[in-house]
2 protein chains.
Amino acid sequence: MTAPTPITLDHCLALDADDPLAGFRDRFHLPDGVIYLDGNSLGPLPAAVRTRLERVVEAEWGRDLITSWNVHDWIGLPARVGDKIARLVGAAPGSVVCADSTSVNLFKALAAALDLRPDRRVILSDSGNFPTDLYVAQGLVRLLDRGHELRLVEPEGVADALTDDVAVLMLTQVDYRTGRLHHMADLTRRAHGAGAVTLWDLSHSAGALPVDLAGAGADLAVGCGYKYLNGGPGAPAFLYVAPRLQDAVRPPLSGWMGHEAPFAFDLDYRPAGGIGRNLCGTPPVLGMTALDAALDVILDADMAQIRAKSQALCALFIDLVEQECRGHGFTLASPADPDARGSQVSFRHAQGYPVMAALIASGVIGDFRAPDLVRFGFTPLYLTFSDVWDAVAVLRGIMETRAWDAPEYHRRAAVT
Amino acid sequence: MTAPTPITLDHCLALDADDPLAGFRDRFHLPDGVIYLDGNSLGPLPAAVRTRLERVVEAEWGRDLITSWNVHDWIGLPARVGDKIARLVGAAPGSVVCADSTSVNLFKALAAALDLRPDRRVILSDSGNFPTDLYVAQGLVRLLDRGHELRLVEPEGVADALTDDVAVLMLTQVDYRTGRLHHMADLTRRAHGAGAVTLWDLSHSAGALPVDLAGAGADLAVGCGYKYLNGGPGAPAFLYVAPRLQDAVRPPLSGWMGHEAPFAFDLDYRPAGGIGRNLCGTPPVLGMTALDAALDVILDADMAQIRAKSQALCALFIDLVEQECRGHGFTLASPADPDARGSQVSFRHAQGYPVMAALIASGVIGDFRAPDLVRFGFTPLYLTFSDVWDAVAVLRGIMETRAWDAPEYHRRAAVT
């Protein structure tokens, strides 16, 4: 459907009427009066999660108590949830586990990756990586104290920086600020050509766009459960190890859940075969159960349809901001090419912080990333094209009335 | 109240009538027909947790979405819950955080401890430590690759093994198998005398007995949220760093939540001041909220009363097994001295596995630990003295009828 000039609400409503994913909206609990454009930061509550959590709390924990590790197979949750995530990221069954936080999994994966290239000392990443990835790498470099270097280049310069001293190429596929998308298959091939191991952070891509870890030949990956996977605040994260590497990986966090026989209570660590050795402590059953139920929603959808609608929503938003908010100081910070973006759109604005605060107060929830980015996530399972229309109408109102300039919108919150 | 000879049900009922903690039982959801003697492995569901989880799911996640990090202070949960735990383990406010699993926290604490003694290479522990602690230490030794040694001695030999090459004394205060209790203040003083740092695992002591980390001069500690703290399956764990050491600790898992300014998104890691630097990834809000609500129950109780009743329950159980099950092959594996035990009692029995399976099938839930231990936890907030009577009556019936010898009780479950 070609957009009319100017774009109209009727056009957006027509897109909604044609939307093959429209039926998914009812599977989420969305508060009235809110247009939620921050599912890239915290996905909303799937209705099935509420029901499932009630069951795990009352019937499993409350009634069946300790026996639930067996009778409800809590012990199998990390592998079972991992296998569901695997389907979303192009990974074979048995190559993903759900565990810990993204940061902790990144530590595991990076330590394992460096261990695979003992004669090299460089971790190559880019300045658009999410900071916690860089912090974790810095901590590991210090801990190992063997002369490793975290080398940062601009995102555009990664391919050219793949020299033969690089042990690990560690990248977040989708830039958390701008949505810029790295070409995973291309960079993985180049990294392998240079003899490096690849470690991908899929926090902003899993569930947002088709990912093909196996097809790209990726070595290791991690990702987040609480963004596009809708697993709830602080949901457990995931870790991928390519099947060909699983038995070569020596887990740095060698806890009992990664032991070959955790309930033999031997005094010596022996890693489990396969992906399971990357587990460490007891799985967080409540959070992992929530994620398990949330994954069923997205697994019912077609990832190609998700990507197509995501690109259409993002394009519509960019076009509407251009049409409705021209002259109000917004500069597109995201790539203009839909194929070079994830599922989010960011604009730079000198008053980005108060503008976003005013939007949130008006029920349009995006977020702000320093120094000047207003960031909007577009999540096809519960957003409509007319949501995009309405959101831009609110933004236009705030800009035209300078509502953002009220003192309360300039006060910084603890979490931005 | 002196026990009659033989001990009678009336005596147990009289003890219940005099129990100052009796009112706490109603604050837990306990299934009908079950005597739960496994709260040392997974605490039962506090009623307040159910209500609180509903609120965090529906009102906080569901309705307030991403804004809950500020409006419901999710970001403050690790410190807030940590401060509650601090009150149970004799720690100053600001010296405990809630985070990650016990195993992951042990890794952090052990790496930090070794870092404080760069010229020493020995981690001293005992063969009664929980295996995951040993596994994590083995993994860290391998990762560091600087010639560290994990040296294990028998629990009784720890004091004599504190030689001047010991960097860290790493012990679990209460033996998970037998309940044997290490003397924390004494061993800490001796360790310091030998120039070693102390790292205590409080998984089987926090909430079960009075712990005085500050009074003992302990350096570092970790512990579990899902045993005596009743935080739910896989609840987040905790980490203690003595205030005098907090700014010397260099976190090996240096994630964004431990950064001085996580939402500045700087490229370089700068540890937060104080205990907060020991955080790594995004806090697991659902699980941590459950633990937060569970802690309120135990904080309403008096720890001296908890300890007194715990010792009385354990003593009653031992005496009743002796009285009712004599000649059935049980040998006390726990210390006979109540002051040398935690809050659990174990017996060795050649048929321990099927005996425990038969007990569980009859509604008396304890657990089995290889090779031959039947283990019973006694948790004063929700157990009565007549529960102990009833449990031993069931055990006696199983032994007298040899009910344990049915084939189904010999089949090993995945989790024992």
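Modeller: Domain bounds here come from an automatic or database domain assignment, and the model itself is a predicted one. On that basis chain A is divided into domain 1, made of 9-30 together with 302-410, and domain 2, which covers 50-299.

Biologist: How do you know that domain 1 of chain A and domain 2 of chain A are in contact, and how many residues take part?

Modeller: Two residues count as in contact if their C-beta atoms lie within 7 Å, and by that test 21 residues of domain 1 of chain A meet 15 residues of domain 2 of chain A. On the domain 1 side, the elements giving two or more residues are helix 10 (303-324) and strand 12 (344-348) of chain A, and helix 10 of chain A has the largest share, with four residues. That side divides into nine nonpolar, eight polar and four charged residues. The centres of the two domains of chain A, taken over C-alpha atoms, are separated by 30 Å.

Biologist: Why is A:Arg177 called partly exposed?

Modeller: A residue is buried if 20 or more other C-beta atoms lie within 10 Å of its own, and exposed if there are 12 or fewer. A:Arg177 has 19 such atoms within 10 Å, and is therefore partly exposed. A:Arg177 is found in the loop between strand 7 (166-172) and helix 7 (184-193) of chain A.

Biologist: Which residues does A:Arg177 contact, leaving aside its neighbours within four places in sequence?

Modeller: They are A:Gly128, A:Ser346, A:Arg369 and A:Leu373. With A:Leu373 the separation is 196 residues in sequence, yet 7.4 Å in space from C-alpha to C-alpha.

Biologist: What makes strand 5 and strand 6 of chain A a pair?

Modeller: Two strands pair if DSSP finds at least two bridges between them, and five bridges join strand 5 (residues 122-126) to strand 6 (residues 149-153) of chain A, the two running parallel. Within this pairing, A:Ile123 stands opposite A:Leu150. The chain passes from strand 5 through helix 6 (residues 131-144) to strand 6 of chain A in a right-handed β-α-β crossover.

Biologist: How many residues does each chain give to the contact between chain A and chain B?

Modeller: Chain B gives 77 residues and chain A gives 77 residues. On the chain B side, the largest share is nine residues, from helix 6 of chain B, and by class that side has 45 nonpolar, 22 polar and ten charged residues.

Notes: Residues are numbered from 1 along each chain as its sequence is written. Chains are lettered from A and ligands numbered from 1 in the order in which they are written. This is a predicted model: local features need pLDDT of at least 70, side-chain atom pairs count only at pLDDT 80 or more; totals for chains, interfaces and linings use all residues. Ala, Val, Leu, Ile, Met, Phe, Trp, Tyr, Cys and Pro count as nonpolar, Asp, Glu, Lys and Arg as charged, and the others, Gly among them, as polar. A crossover is right-handed if, with the strands pointing away from the viewer, the path from the first strand over the helix to the second runs clockwise.
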